[in-house]
Amino acid sequence: GDPKSALYLVIPYEHPDRAIYTDFVNSVLVPQFDGWMKEGALRSWSILLNNHYPGKPWDILLLLEYDGVRGLSERNAARAATENNLKTDAGWKLLREISGQFRNEYEVASGRVILPSR
């Protein structure tokens, strides 16, 4: 999409074990984010790992790119539709429900890209 219209959510997490978090990403986040993209709210996503693990103030940084104000405003509907589709997957449901036990979310920020003027 057009980076000028993109809106980003930046979500920092603390996580004690990268192997467990990697399993969580593959089992929960990838199918979840694929669903949000299919619903048209999310354009892309990235997960950054702090090289100085366990570094502070975050270990894992989640970057979600939404399709502007429209995409961000459709976030909750996309999440609900995706959760409805995934809730029959017992593994996804269990890990989603217990994720608060093995990761801590810190303050969420939103932002836009600064592009060079030419």
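Arg 43 and Glu 65 are both buried, where buried means under 20% relative accessible area, exposed over 50%, and partly exposed in between (1.4 Å probe, protein chains only). The model here is a predicted one, so local features need pLDDT of at least 70, side-chain atom pairs count only at pLDDT 80 or more, and totals for chains, interfaces and linings use all residues. Residues are numbered from 1 along each chain as its sequence is written, and side-chain values use heavy atoms, with hydrogens and water left out.

Now for the charged pairs. Side chains of opposite charge can pair when their charged atoms come close. A salt bridge is counted when a side-chain nitrogen of Lys or Arg is within 4 Å of a carboxyl oxygen of Asp or Glu, and that rule gives four salt bridges. One of them joins the side chains of Arg 43 and Glu 65, at 3.3 Å from N to O. Arg 43 sits in strand E2 (residues 42-49) and Glu 65 in strand E3 (residues 60-66), so this pair ties together parts 22 residues apart in sequence. Helices (H or I, at least four residues) and strands (E, at least two) are DSSP runs, numbered from the N terminus.

Arg 43 also forms a salt bridge with Asp 67, with the closest N and O atoms 2.6 Å apart. Asp 67 lies in the loop between E3 and helix H2 (68-73), so its pairing with Arg 43 in strand E2 links parts 24 residues apart in sequence. Arg 43 counts as buried at 18% relative accessibility, whereas Asp 67 is partly exposed at 26%.

Asp 67 meets Arg 70 in a salt bridge too, at 2.6 Å from N to O. Arg 70 is partly exposed, at 36% relative accessibility. Through shared partners, salt bridges join Arg 43, Glu 65, Asp 67, Arg 70 and Glu 74 into one network.
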